[in-house]
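Please read it alongside the sequence and the coordinates.

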Amino acid sequence: MTERTLVLVKPDGVARKLVGEVVSRIERKGLGLVALDLRTVDRELAAQHYAEHDGKPFFEELLSFITSGPVLAAVVEGPRAIAAWRQIAGGTDPVEKATPGSIRGDLALETGSNLVHGSDSPESADREIKLWFPNL
Ligand code: CMP
């Protein structure tokens with residue numbers, strides 16, 4: 001079944017010039033790009049994006065990190081795109097969870113700066129795509 005998911009290359013990934021690496025892995029997997037936008041996000045969008053983490057001890061850290069520099073936002077499409085992208089990205093903790101061969105497993109060390117984001121369910125994908133790309 002064709003699905004869409006929201007992908008972010010976070011400020012650490014853009015600063016480390018890994019945008020091409022991430023897009024290349026998406027395309028090599030066979031997924032397609034529907035929308036791409038490099039932008040710096042404000043606190044309001046960041047807080048809405050991370051609403052489920054509101055109240056957690058790392059929430060403020062999360063907001064200041066994601067607003068600290070440009071991010072690449074993308075809508076990615078393909079069969080089982082949500083799970084496929086999560087496989088490419090690797091688990092949230094780049095050392096304990098992400099496996100070698102994944103973006104986080106190969107290229108990141110810290111949970112707080114783990115390079116990329118992906119929607120975790122069809123409901124999240126729908127919500128996040130509407131939030132980041134309201135005109136799509
Ligand atoms: P992401 O997939 O963008 O969704 C929520 C983010 O919170 C997650 O990636 C991590 O970068 C971040 N995160 C999760 N747990 C922690 C933590 N304990 N400390 C700092 N950041 C965290």
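According to the unreviewed UniProt entry, the annotation "binding site" covers Lys-10, Phe-58, Arg-86, Thr-92, Arg-104 and Asn-114. The model described here is predicted.

**Annotated residues in their setting**
- Arg-86 is placed in helix H5.
- Arg-86 counts as partly exposed because it has 18 C-beta neighbours inside 10 Å, and a residue needs 20 or more to be buried.
- Asn-114 lies in the loop between helix H6 (103–107) and strand E4 (116–118).
- Asn-114 is buried, since 23 other C-beta atoms lie within 10 Å.
- Leaving aside residues up to four places away in sequence, Asn-114 touches Thr-92, Pro-94, Arg-104 and Ala-108.

**Ligand surroundings**
- His-53, Phe-58, Glu-61, Leu-62, Thr-92, Thr-111, Gly-112, Asn-114 and His-117 surround the ligand.
- This shell divides into six polar residues, two nonpolar and one charged.

**Nonpolar core**
- The largest nonpolar core has 28 residues, and those with the most contacts inside it are Leu-8, Val-9, Val-76, Trp-85 and Val-116.
- Two or more residues of this core come from each of strand E1 (2–9), helix H2 (19–29), strand E3 (71–79), helix H5 (81–89) and helix H7 (122–132).
- Strand E3 supplies the largest share of this core, six residues.
- In soluble globular proteins, nonpolar side chains tend to be buried together.
- Beyond residues up to four places away in sequence, the contacts of Val-76 include Ile-26, Leu-31, Leu-33, Val-34, Ala-81 and Trp-85.
- Arg-4, Thr-5 and Gly-32 are also among the residues that Val-76 touches.

Definitions and conventions
Residues are numbered from 1 along each chain as its sequence is written. This is a predicted model: local features need pLDDT of at least 70, side-chain atom pairs count only at pLDDT 80 or more; totals for chains, interfaces and linings use all residues. A nonpolar core is a set of buried Ala, Val, Leu, Ile, Met, Phe, Trp, Tyr and Cys residues joined through C-beta atoms within 7 Å. A residue is buried if 20 or more other C-beta atoms lie within 10 Å of its own, exposed if 12 or fewer, and partly exposed in between; C-beta atoms are placed from the backbone. Helices (H or I, at least four residues) and strands (E, at least two) are DSSP runs, numbered from the N terminus. Two residues are in contact if their C-beta atoms, placed from the backbone, lie within 7 Å. A residue is near a molecule or strand if its C-beta atom, placed from the backbone, lies within 6 Å of it. Ala, Val, Leu, Ile, Met, Phe, Trp, Tyr, Cys and Pro count as nonpolar, Asp, Glu, Lys and Arg as charged, and the others, Gly among them, as polar. UniProt positions are given in the numbering used here, feature names are shortened, and annotations may be inferred rather than shown by experiment.
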